[in-house]
Number of protein chains: 2
Amino acid sequence: MEITEIEGVLCNGIKEGKLGLGIVKCRGSVVGVFTKNKIKAAPVIVCSEHISDGKIEGLIVNSGNANAFTGKEGIEDAREMCRIAAKLMGCYERDIAVASTGVIGKRLDMEWIKEKASIVFSEIGNSVKHAENFAKAITTTDRFLKKAHSKKPKISAVAKGAGMISPNMATMLCFIFTSASYDSGELYEMLKQAVDNSFNRLSVDGDMSTNDTVLLISTGREKVKKEEFQEKLNEVCLSIARQIAKDGEGATKLIEVYVTGAVDENDAIKAAKAVASSLLVKTAIFGNDPNWGRVIAALGYSGAEVDETISISLEGAGEVKLVEKGKPLNNESIARKVLENSNEIRLVINLHKGTGEGYALGCDLSYEYVKLNSEYTT
Amino acid sequence: MEITEIEGVLCNGIKEGKLGLGIVKCRGSVVGVFTKNKIKAAPVIVCSEHISDGKIEGLIVNSGNANAFTGKEGIEDAREMCRIAAKLMGCYERDIAVASTGVIGKRLDMEWIKEKASIVFSEIGNSVKHAENFAKAITTTDRFLKKAHSKKPKISAVAKGAGMISPNMATMLCFIFTSASYDSGELYEMLKQAVDNSFNRLSVDGDMSTNDTVLLISTGREKVKKEEFQEKLNEVCLSIARQIAKDGEGATKLIEVYVTGAVDENDAIKAAKAVASSLLVKTAIFGNDPNWGRVIAALGYSGAEVDETISISLEGAGEVKLVEKGKPLNNESIARKVLENSNEIRLVINLHKGTGEGYALGCDLSYEYVKLNSEYTT
């Protein structure tokens with residue numbers, strides 16, 4: 001189900017080389033979660049200002065240039081993007097949300113944006129093709145489009161991920177649309193919970209971007225029980241987070257780390273994140289090497305309560321126990337086969353300390369990661 | 001100046017494929033700093049126990065197997081290593097220090113160790129060749145031997161580094177010998193300061209090993225002023241740390257990050273570490289790409305007080321300013337040349353917030369890192 005299948009959502013987009021521009025028309029309520037990086041990109045500053053009243057008429061997004069570290073001029077450019085969209089939609093500048101992704105430290109080409117915005121808006125619509133145009137327009141190094149939805153209640157999300165995905169929030173843009181109606185306080189609480197359980201569990205390379213933006217936009221045409229909506233919103237966000245991990249720059253395998261038996265949930269999440277973020281674990285999994293010693297080392301420095309009484313299993317195309325309560329089981333050759341045959345890996349860890357459970361998401365680290373990131377700009 | 005040039009230090013070593021064994025005979029005082037990982041390797045546990053009285057007769061070290069996550073049997077093996085060395089030297093087991101490095105989760109081959117220990121000890125001596133044998137015996141994926149010294153006061157250090165070098169302490173073994181005489185309380189304070197200003201500023205991949213060990217051993221034959229000794233000890237440790245960074249797995253460039261103008265020293269160190277640890281900065285430098293936007297992003301999430309008023313310069317074979325008080329200077333093409341022609345890069349950052357200064361060490365991230373770490377064990 002595309003974002004255009006949410007009643008009241010129209011969109012379109014264009015991608016020309018590295019540059020893209022997308023526009024969404026979507027009257028309704030809006031809440032957002034943004035990067036915690038102290039250096040915030042201009043669109044993040046302008047967008048949080050514009051959505052603070054909880055109202056939205058539309059959204060303008062560009063890719064290829066992050067409009068970050070661009071000073072007062074950058075802020076002015078972000079406002080200008082909103083003015084361009086507002087003029088096209090016939091609404092107030094402050095009812096437009098804005099986002100950017102791409103290279104840091106370069107001024108936007110406002111001529112290009114103005115010209116493309118007219119073209120994009122002139123053919124705005126609600127077909128599957130329109131949704132795809134928008135999805136493509138916001139991508140950078142993404143290898144596939146990231147979408148997730150729930151049919152009942154109606155939720156549809158589109159995202160841009162890959163690279164610079166941090167333990168605290170991903171370098172990502174994610175726009176979630178729903179017809180379910182809530183006040184913006186309720187929407188914010190629900191978005192916060194969903195983000196905490198998905199994007200904030202995600203680590204590609206530990207870097208945190210200046211532009212991270214997740215918006216939840218409600219066109220308010222449906223009454224839905226909060227519990228029901230929260231459950232589906234969580235699922236949608238987790239699905240997007242998994243897709244982003246899978247498409248981590250150069251990633252060949254999705255890594256999910258489930259920790260049980262921790263003293264509490266916090267410790268479990270801490271332990272899971274340390275394993276999912278460890279470069280040594282990531283490179284081992286890339287090499288199909290069931291090197292559980294590196295998992296142990298990561299658990300040891302995670303800050304969680306651990307001792308040597310640890311159990312580790314590997315799940316993928318098959319299941320295999322590697323360590324049982326601290327005893328190595330010498331199943332490495334089977335484990336290697338499981339790794340070779342799986343592009344989704346689950347590491348299941350029991351710390352045998354208590355009842356705390358938690359998970360984290362990551363991906364392997366490949367030659368391609370180095371290639372993409374050593375050859376990106378300038 | 002080799003470790004054998006410290007009066008009272010005799011050594012020897014052997015390396016056969018991935019396995020190595022080294023022995024040092026060195027009566028004197030000893031202090032040590034060990035990994036903060038909660039999962040400590042057996043030799044770390046045994047060694048800290050043995051050096052707790054501040055006395056040492058000798059040292060036995062093996063490479064190729066970390067004797068980590070090996071349970072009670074591993075502890076027993078580490079004790080057995082000490083017994084073997086003690087028997088050869090005719091001293092107490094508890095006056096022997098022990099260290100291991102290599103693969104996690106495998107029992108030591110005690111037969112091999114016992115056999116080689118006799119051979120190594122039977123030809124122990126104090127020539128340059130003996131020092132080199134020991135240095136080689138303790139290496140794993142090291143591409144070059146790591147040594148540093150001071151002639152006056154006499155200090156000589158030998159180390160094993162590469163890989164799993166973390167912001168908190170390196171996966172490293174470092175043995176520092178001196179003839180300067182202090183009580184072990186004084187020695188410990190001085191070692192702590194030297195380690196804080198060197199190894200604890202170092203990040204290769206953010207992982208923290210189970211085996212990190214730095215020992216400072218004094219044969220006590222010389223009286224030296226504390227200030228003088230501290231200064232030289234700091235220099236020796238910083239030199240070893242720089243060598244370890246330079247030899248980070250797959251590294252092609254040493255990265256030194258100097259932060260000035262922070263609100264205080266802590267903030268400066270925090271900012272410097274975030275930049276030196278950023279995978280995106282590391283891959284950019286590997287690709288000779290002066291992508292200062294990634295430096296800005298890392299400063300932003302470092303936790304240090306920052307705003308956009310940042311200056312960044314690059315120093316190597318030449319010097320070039322990239323950003324002046326938040327203004328990009330468009331010197332990327334010159335900067336690229338500097339990067340291409342340098343294997344030691346200094347990023348000099350001014351946060352324009354105060355007078356705090358600090359530095360951190362790291363290295364770039366290359367294809368070779370991925371290769372080494374995806375193809376290591378099992």
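What rotation superposes chain B on chain A? I found a rotation of 180 degrees, with 0.0 Å of shift along its axis and an RMSD of 0.0 Å. The superposition is by least squares on the C-alpha atoms of residues with pLDDT of at least 70 in both copies. The two copies are thus related as by a two-fold rotation axis.

**Entry: ground rules**

I noted that this is a predicted model, in which local features need pLDDT of at least 70, side-chain atom pairs count only at pLDDT 80 or more, and totals for chains, interfaces and linings use all residues. Residues are numbered from 1 along each chain as its sequence is written, and chains are lettered from A and ligands numbered from 1 in the order in which they are written.

**Entry: confidence**

I looked up the scores of the model and found ipTM 0.76 and pTM 0.82. The mean pLDDT of chain A is 91, and 95% of the residues score at least 70; pLDDT is the predictor's confidence in each residue, from 0 to 100. Within chain A, helix H3 (residues 110-122) has the highest confidence, at 98, and helix H11 (residues 367-374) has the lowest, at a mean of 72. I marked residues 164-170 of chain A, where the pLDDT is below 50. Beyond near neighbours in sequence, this stretch still has 36 contacts in the model. A contact is a pair of residues whose C-beta atoms, placed from the backbone, lie within 7 Å.

**Entry: chain A as a whole**

I listed 11 helices and 15 strands in chain A. Helices (H or I, at least four residues) and strands (E, at least two) are DSSP runs, numbered from the N terminus. The radius of gyration of chain A is 21 Å, close to the 21 Å that the globule rule gives for 378 residues, so chain A is as compact as a globular protein of that length. The radius is taken over C-alpha atoms, and the globule rule is 2.2 Å times the number of residues to the power 0.38. Along its principal axes, the C-alpha trace of chain A spans about 70 × 50 × 35 Å.

I then looked up the domains of chain A, which are domain 1 (3-246) and domain 2 (254-374). Their bounds come from an automatic or database domain assignment. The C-alpha centres of the two domains lie 32 Å apart.

I followed strand E1 (residues 10-16) of chain A into strand E2 (residues 19-34) of chain A; they pair in the antiparallel sense over seven bridges. Two strands pair if DSSP finds at least two bridges between them. A:Glu16 stands opposite A:Leu19. The hairpin has two residues between the strands, and A:Gly17 takes a positive phi near 65 degrees.

**Entry: the seven-strand sheet of chain A**

Which strands stand at the edges of this sheet? I first wrote down its order, E8-E15-E10-E14-E11-E12-E13 in chain A; the sheet is open and its pairing is mixed. Strand E8 (202-203) and strand E13 (327-328) of chain A are at the edges, each with a single partner strand, so one side of each is left without a neighbour in the sheet.

Inside the sheet, strand E11 (residues 311-315) and strand E14 (residues 344-350) of chain A are antiparallel, with five bridges. Here A:Ile312 stands opposite A:Ile349. Helix H10 (residues 332-340) of chain A packs on the sheet and touches E11, strand E12 (319-324) and E14. The direction of H10 makes about 135 degrees with that of E12(A). Axes are lines fitted to C-alpha atoms, for helices over the stretch in contact, and angles run from 0 to 180 degrees between N-to-C directions.

**Entry: backbone details**

I checked the peptide bond from A:Lys152 to A:Pro153; it is cis, with omega near -5 degrees. A:Pro153 lies in the loop between strand E5 (146-150) and strand E6 (155-160) of chain A. Phi of A:Asn288 is near 55 degrees, a positive value in a residue other than glycine. A:Asn288 is in the loop between helix H8 (279-286) and helix H9 (292-301) of chain A.

**Entry: where the chains meet**

I found 49 residues of chain B in contact with 48 residues of chain A. Helix H8 (279-286), helix H9 (292-301) and helix H11 (367-374) of chain B are the elements that give two or more residues to the side of chain B that touches chain A. H9(B) gives the most, with eight residues. Of the residues of chain B, B:Tyr367 comes closest to the rotation axis, at 2.6 Å (C-alpha).

Conventions: Two residues are in contact if their C-beta atoms, placed from the backbone, lie within 7 Å.
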